[in-house]
Amino acid sequence: MTPLSSDALGAKYLRTRAEAERALALLALEKNTAVLDIGTGKGYFAIALAQKGLSVTTGEPLEDDGLYARQPWRDDARLMEVDDRIEFQSFNAAKMPFDNDYFAAVFFFGVLHHIAEQERQPSLSEAYRITKKGGAIVIFEPTKTMLEELWQRDPDHPEAADPDLYRPQDLKPAQRFAGETMDMMIYRKT
Ligand SMILES: C[S@@+](CC[C@H](N)C(=O)[O-])C[C@H]1O[C@@H](n2cnc3c(N)ncnc32)[C@H](O)[C@@H]1O
């Protein structure tokens, strides 16, 4: 069989995969570690995590019929041959169906600003609850450059959100890593 080209999903996927690699370089997770990707969307971040050998759960609210939900991401996961590494479960981040201290890392990639304002604080509390001690919550939010690009296609796209405004008391302020298109914020559960 011809080996699958790593750029089969295009430049936007590669950009997302580079962001995933930026996070994983700091987290040092072992292969097959269970991680959660909140806000499936096109599935790019989940696919990138799965390509790195992680065991990925991903989800978004069942009732979300907005522009960014219900995408045919499963086809892309099959194309990249990581379908069996990604489990989908619908949920609202403000109340998630997972046990306490379950995931080694919980990711929000381009998602926090799409969560309704009143649900952002509960969502980060939930992320904290389901993250293992010693684990991390990693949040990517768009930079101004990225927002300008997004507003061309979707003038109603929300502004980026600052996760520190919604973080649970037990978490220290995020470590911040500026990027060209996405800023990355990391919380550690100690
Ligand atoms: C722009 S997409 C995220 C992009 C995606 N991470 C990717 O890699 O392609 C925004 C996502 O946030 C999800 N979302 C919005 N509100 C949510 C909530 N309360 N809980 C979980 N996901 C939510 C949407 O359903 C959608 O899947």
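The model is predicted: local features need pLDDT of at least 70, side-chain atom pairs count only at pLDDT 80 or more, and totals for chains, interfaces and linings use all residues. Residues are numbered from 1 along each chain as its sequence is written, and side-chain values use heavy atoms, with hydrogens and water left out.

**Ligand**

Next I checked N and O atom pairs within 3.5 Å. A polar side-chain atom of Asp64 lies 2.6 Å from a ligand oxygen. A backbone N or O atom of Phe109 is 3.0 Å from a ligand nitrogen. For Tyr44, I found a polar backbone atom 3.5 Å from an oxygen of the ligand. On its own, the ligand has 610 Å² of accessible area (Shrake-Rupley method, 1.4 Å probe), and the protein covers 91% of that.

**Gly110**

I then moved to Gly110, in the loop between strand S4 (103-109) and helix H4 (117-130). Helices (H or I, at least four residues) and strands (E, at least two) are DSSP runs, numbered from the N terminus.

What does Gly110 touch, not counting residues up to four places away in sequence? I noted Phe140, Glu141 and Met182, with contact meaning heavy atoms within 4.5 Å. Gly110 and Leu165 are 55 residues apart in sequence and 16 Å apart in space, C-alpha to C-alpha.

**Positive phi**

Most residues other than glycine have a negative phi. I looked for exceptions. Asn32 has a positive phi of about 70 degrees; this residue lies in the loop between helix H1 (11-27) and strand S1 (34-38). Glu81 has a positive phi of about 60 degrees. I found Glu81 in the loop between helix H3 (73-79) and strand S3 (86-88).

Methods
Polar contact = N/O pair within 3.5 Å; in protein donor to acceptor, adjacent residues only side chain to side chain.
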